[in-house]
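Have a go at each one before you read its solution.

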Amino acid sequence: MSLSLKDLRFDLQIIASWIEPGSKVIDLGCGRGDLLLYLREHKGVKGIGIEKDEAEVRECIQKGLTVIQGDLNQEVLDYPNQAFDYVILSQTLQQIYTPHILLPSLLRIGRRVIVSFPNFAHWTIRLDLLLHGRAPKNPQLPYEWYDSPNIRVITIRDFREFIHRLGYRVIREAPVSTYNQDRQGKIVKRWANLRATYGIFMVGKEENGRKNGN
Amino acid sequence: MSEYITHDRRGRSVGIVQKKYFTFAYPPNLFPLECGAKLGPITLAYETYGQLNADRSNAILILHALSGDSHVAGYYSENDPKPGWWDFMVGPGKAIDTEKYFVICSNILGGCAGSTGPSSINPNTGRPYALEFPFVTIGDMVRAQRVLIEHLGIRKLLAVIGGSLGGMQVLEWALRYPEMVHAAIPIATTTRHSALAIAFNEVARQAIMADPNWRGGNYYDGPRPEMGLAVARMIGHITYLSDRALRRKFGRRLQNKSHFSFGFEVDFQVESYLRYQGRKFVERFDANSFLYITKAADYFDVKRQHGEGSLVKAFSKARARFLVVSFSSDWLYPTYQSREMVKAMKKNELDVSFCEIEADWGHDAFLIPNEKFEELIHSFLERVSREFEP
């Protein structure tokens, strides 16, 4: 079973391109394990997945991946300090009850944390709220307010501020605009918080007293 | 473990198999046991399926549960009414594929299906050991298995697999002989018995010892403590199922009647089932073996034995890749007990996968054909055999 970069969701394509070959990676909420499989096949990455859904866990194991069924908030607590080069949290942050507690625990177990999340400041959402007075709903956020798993409303600007407030630093960032069910997309150069459907950030701790590396 | 043995739906089978025997620890080289006693000679009954390949890299050891035996798969004869206890899992083209792997299973030390146990003849007296049989531990069972594995010319096992008491042996193998275990699959098991599990075992033992035919264990020349052993088995069966499984299987349905009998014969189907299971069990199992093996299970404690009180320290010895499997309705060894071992493995940065399979059948779920479960075992074995260099 071979997977090419184009088979991945667009934010995962960007994340995959950021990972150094041969590194140790943990993917939190790894789903069916597409990213881990790609990283293993193309970058020789030793990866671990955490996933709460039994069927997806079984699918990962069928692909020959190492995966643990469980709640990611709890599972990350068991790893030794700096056990990983990268901790990946793709499109899950908006479903986390306490991001301000989770993020420090991710930077405890890994040197870099890579996060992708839907940008609630996208212009379609702003316009919808302004013109129709409706809660956010678009192809990236297809849920009604009452059944949405997305309990945290995040924007790219909010996330950047959040990182600074926690005393961490943004190492890389890629606001992206996606289409074709998020399989394709492009990086947004200007007016990112208005035009990007997703934000992707690589976060690390301050090193050598450097401030805000980006 | 209960009995769910049925013929393979697709007719795949390892075919006719034969029970073999291996004897070692002849005097004066007796086998030292953890309790301090020495035992010998020791015979282990075992069966093998498939062929050992040239570089001896395809050997899988299956460890059986409390009431299991070496007869994992296949039939003893053309007229044998039923196959081995894990026939759906082991065979050509099955999850543990005998066209690819060399599969071994031996009856545990202390058992009563061909291996040395309390019903064996004590060479010093010419009579069955009975309670003169020394206490054996899970560690002793595994140490005896290692002698067999080396006798078979295998330096490193591709995988050790087992459920329940068999899962305890899997853990023991991975911690005691890390250099001999490439991959380990502990299923529906625990690193040590909870008070609940010990309590059930104790009630079962008391039932045997309260049977007037037990006579301090010296019953081999007279009537056997059948009632006590049957009650012990009934207790076991309750713990192997679950509230939901019992409701689905029996509910409050009456057995061949529409009105209560207002007597103490069987009214409910569940009563009939337990009595039947108890009767069936006494035909093939030795009451003293039951006492010894349940005690070994109660004594089993990975923390204490291997980690000086720390589960994390215990698993620092392990080198295997693990697949830990639990079942959602198992209340004998609930999922939290599997999570405890997974946690200790993670803290040691071991390669561990964990899956809790949603299943209604309680602890016994690992003995019931289940495509999801079989596929899990199959694909994990595929992966670890790709990675294995003996």
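**Exercises on a predicted model**

**Exercise 1.** In this predicted model, work out what share of the contacts in chain A with a separation of 6 or more comes from residues 24 or more positions apart.

*Solution.* Take the contacts in chain A with a separation of 6 or more; residues 24 or more positions apart account for 64% of them. Chain A itself has eight helices and eight strands. The radius of gyration of chain A is 17 Å, close to the 17 Å from the globule rule for 214 residues, so chain A is as compact as a globular protein of that length. Next, burial: 41% of the 214 residues in chain A are buried.

**Exercise 2.** Find where the UniProt "active site" positions of chain B sit relative to one another.

*Solution.* Start with the record: the unreviewed UniProt entry puts this feature at B:Ser164, B:Asp330 and B:His363. They span 200 residues in sequence, yet no two of their C-alpha atoms are more than 10.6 Å apart, so they gather at one spot.

**Exercise 3.** Decide whether B:Ser164 is buried or exposed, then do likewise for B:His363.

*Solution.* Count 28 C-beta neighbours inside 10 Å; the cut-off for buried is 20 or more, so B:Ser164 is buried.

Now go to B:His363, in the loop between strand E12 (352-357) and helix H11 (371-387) of chain B. B:His363 has 27 other C-beta atoms within 10 Å, so this residue is buried. Leaving aside neighbours within four places in sequence, the contacts of B:His363 include B:Ser164 and B:Asp330.

Key
Residues are numbered from 1 along each chain as its sequence is written. Chains are lettered from A and ligands numbered from 1 in the order in which they are written. This is a predicted model: local features need pLDDT of at least 70, side-chain atom pairs count only at pLDDT 80 or more; totals for chains, interfaces and linings use all residues. Helices (H or I, at least four residues) and strands (E, at least two) are DSSP runs, numbered from the N terminus. The radius of gyration is taken over C-alpha atoms; the globule rule is 2.2 Å times the number of residues to the power 0.38. A residue is buried if 20 or more other C-beta atoms lie within 10 Å of its own, exposed if 12 or fewer, and partly exposed in between; C-beta atoms are placed from the backbone. Two residues are in contact if their C-beta atoms, placed from the backbone, lie within 7 Å. UniProt positions are given in the numbering used here, feature names are shortened, and annotations may be inferred rather than shown by experiment.
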